[in-house]
Amino acid sequence: QVQLVESGGGSVQPGGSLRLSCTASGTIFRVYDMGWYRQAPGKQRELVASITSGASTNYVDSVKGRFTISRDNAKNTVDLQMNSLKPEDTAVYYCNAGVVLTPPYEYMYWGQGTQVTVAS
């Protein structure tokens, strides 16, 4: 089976920075798109940023210019560098990955979530 393990959440003041990391482990043939989602209390889960295996990136408008997603294909990791954090960035952040265990079947996996709190 596949596990996505996240780290790096926490509490920070507005304007601060945090870096989230996620590692996919298991008997993996290939990892395709990876991404970070977030869910704030009372709101739907939304895509924050995604990155393809070829390093093409996509961001939700509210984080453009502040967040940077990156990945290491050799290590099956994806990071999210979050700068200039705002209170509205407060949410549980989830790592997501499309993983092939046995070609050609791809399955979506989720991490357990990590809390990010931005407050004075």
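Analyst: Apart from neighbours within four places in sequence, Ala 97 is in contact (heavy atoms within 4.5 Å) with Leu 4, Val 31, Asp 33, Met 34, Tyr 107, Met 108 and Tyr 109. This is a predicted model, in which local features need pLDDT of at least 70, side-chain atom pairs count only at pLDDT 80 or more, and totals for chains, interfaces and linings use all residues. Residues are numbered from 1 along each chain as its sequence is written, and side-chain values use heavy atoms, with hydrogens and water left out.

User: Why is Ala 97 called buried?

Analyst: Buried means under 20% relative accessible area, exposed over 50%, and partly exposed in between, with a 1.4 Å probe and protein chains only. Ala 97 has a relative accessible area of 0%, and is therefore buried. Ala 97 is found in strand β9 (residues 91–100); strands are DSSP runs of E of at least two residues, numbered from the N terminus.

User: What makes Thr 77 count as buried or exposed?

Analyst: The relative accessibility of Thr 77 is 15%, so Thr 77 counts as buried. Thr 77 belongs to strand β8 (residues 77–82). Beyond four places in sequence, Thr 77 touches Cys 22, Thr 23, Met 34, Ser 70, Arg 71 and Asp 72.

User: Which residues touch the most other members of the largest nonpolar core?

Analyst: A nonpolar core is a set of buried Ala, Val, Leu, Ile, Met, Phe, Trp, Tyr and Cys residues joined through side-chain atoms within 4.5 Å. In the largest one, with 30 residues, they are Trp 36, Leu 80, Met 82 and Tyr 93. Strand β9 supplies the largest share of this core, five residues.

User: How many aromatic pairs are found in the whole structure, and why is the geometry called edge-to-face?

Analyst: One aromatic pair is found. Ring centres of Phe, Tyr and Trp (its six-membered ring) must lie within 6.5 Å, and planes under 30 degrees apart count as stacked, over 60 as edge-to-face and the rest as tilted. Tyr 37 and Trp 110 lie 4.9 Å centre to centre with 65° between the planes, an edge-to-face pair. The partners are 73 residues apart, Tyr 37 in strand β4 and Trp 110 in strand β10 (residues 106–110).

User: Why is Trp 110 called partly exposed?

Analyst: Trp 110 has a relative accessible area of 38%, and is therefore partly exposed. Tyr 37, at 23%, also counts as partly exposed.

User: What makes Arg 45 a charge over the ring of Tyr 94?

Analyst: The criterion is NZ of Lys or CZ of Arg within 6 Å of the ring centre and within 35 degrees of the ring normal. The charged end of Arg 45 sits over the Tyr 94 ring, 3.7 Å from its centre. Arg 45 also lies over the face of Trp 110, at 4.7 Å from the ring centre.

Methods:
Helix = DSSP H or I, 4+ residues; strand = E, 2+ residues; numbered from the N terminus.
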